[in-house]
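Keep the viewer open and follow along.

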Amino acid sequence: MTDLEIRPAVAGDVPAIVGMLADDPLGAQRESPDDLAPYLTALERLSADPHQHLMVAVSEGRVVGTLQLSIIPGLSRRGSTRSIIEGVRVHSDERGSGLGTQLIEWAIDASRRQGCQLVQLTSDRTRADAHRFYERLGFEASHLGFKLRL
């Protein structure tokens, strides 16, 4: 995939992003591609925050991947800044093409440029293929995560 552009998402990208988020068994349960209003509101909030980077991968004018990179300053680890990678999706037509690797490598490089000392991400426990993918890129399954729905 040589013509790939990774750039910040804009409102016109939202239908494609939401389509990718909804295109698996987990996403189909929690996403609503028929009502884009909450996603557009979220994009406005993300775009206004310099620590949030909602990115899209575009090939031949088509959005084929996305991720969110959040930069978080902190006190732990001697005042380290960390990044969190969220919402990684690759269009089903592009899986296995190396696009996911390019997206994650972009996020790691962007984290370094932002002065981060740690990059972290979570992945649903049912996504075994994703776990193998992240481990192949050097990530370690080092923690157990918890969530509380509000």
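Five strands come together in an open sheet, laid out in the order 1-2-3-4-5, with mixed pairing. The edges belong to strand 1 (5-8) and strand 5 (118-121); each has a single partner strand, so one side of each is left without a neighbour in the sheet. Direction ignored, neighbouring strands are turned by 30° against each other on average. Bear in mind that this is a predicted model.

| strand 1 and strand 2 | antiparallel | four bridges | Pro8 and Met55 |

One to click on is Glu60, in the loop between strand 2 and strand 3. Glu60 has a positive phi of about 50°, although it is not a glycine. Most residues other than glycine have a negative phi. At 73% relative accessibility, Glu60 also counts as exposed, since the cut-off for that class is over 50%.

Arg77 is another residue with a positive phi that is not a glycine; its value is near 55°. Arg77 belongs to helix 4 (residues 76-79). With a relative accessible area of 51%, Arg77 is exposed too.

Strand 3 itself is mostly covered, with nine of its twelve residues buried.

Now for the interior. In soluble globular proteins, nonpolar side chains tend to be buried together. In this model the largest nonpolar core has 21 residues, and those with the most contacts inside it are Leu67, Leu69, Ile85, Leu99, Ile104 and Tyr134. Which elements give two or more residues to this core? They are strand 2 (52-59), strand 3 (62-73), strand 4 (81-90), helix 5 (99-113) and helix 6 (128-136). Helix 5 supplies the largest share, six residues.

Apart from this core lies another one, of 13 residues, and among them are Tyr39, Leu43, Leu46 and Val56.

Leaving out residues up to four places away in sequence, Ile85 touches Leu67, Gln68, Leu69, Ile104, Ala107, Val119, Gln120, Leu121, Thr122 and Phe139. Among those partners, Leu67, Leu69 and Ile104 are on the list of residues with the most contacts inside the largest core, as is Ile85.

Next, a loop residue. Ser32 sits in the loop between helix 2 (25-30) and helix 3 (37-48). Is Ser32 buried, exposed or partly exposed? Its relative accessibility is 40%, so Ser32 counts as partly exposed. Beyond its neighbours within four places in sequence, Ser32 is in contact with Val18 and Tyr39. Ser32 and Leu43 are eleven residues apart along the chain, and their C-alpha atoms are separated by 15 Å.

Finally, zoom out to the whole chain. The protein chain has six helices and five strands, and reading along the sequence gives the pattern β-α-α-α-β-β-α-β-α-β-α. A compact globule with 150 residues would have a radius of gyration near 15 Å, and the protein chain agrees, with 15 Å. Along the principal axes, the C-alpha atoms fill a box of roughly 45 × 35 × 30 Å.

How much of the chain is buried? Of the 150 residues, 35% count as buried. The accessible surface comes to about 9,700 Å², and 51% of this belongs to carbon and sulfur atoms. As for contacts between residues at least 6 apart in sequence, 59% join residues at least 24 apart.

Technical notes. Residues numbered from 1 in each chain as written. Predicted model: local features only at pLDDT ≥ 70, side-chain atom pairs only at ≥ 80, totals over all residues. Heavy atoms only, no water. Core = buried A, V, L, I, M, F, W, Y, C linked by side-chain atoms within 4.5 Å. Buried < 20%, exposed > 50% of the residue type's maximum accessible area, 1.4 Å probe, protein only. Contact = heavy atoms within 4.5 Å. Pairing = 2+ DSSP bridges. Axes fitted to C-alpha atoms, helices over the stretch in contact; angles between N-to-C directions. Rg over C-alpha atoms; globule rule 2.2 N^0.38 Å. Areas by Shrake-Rupley, 256 points an atom, 1.4 Å probe, with all protein chains shown as cover.
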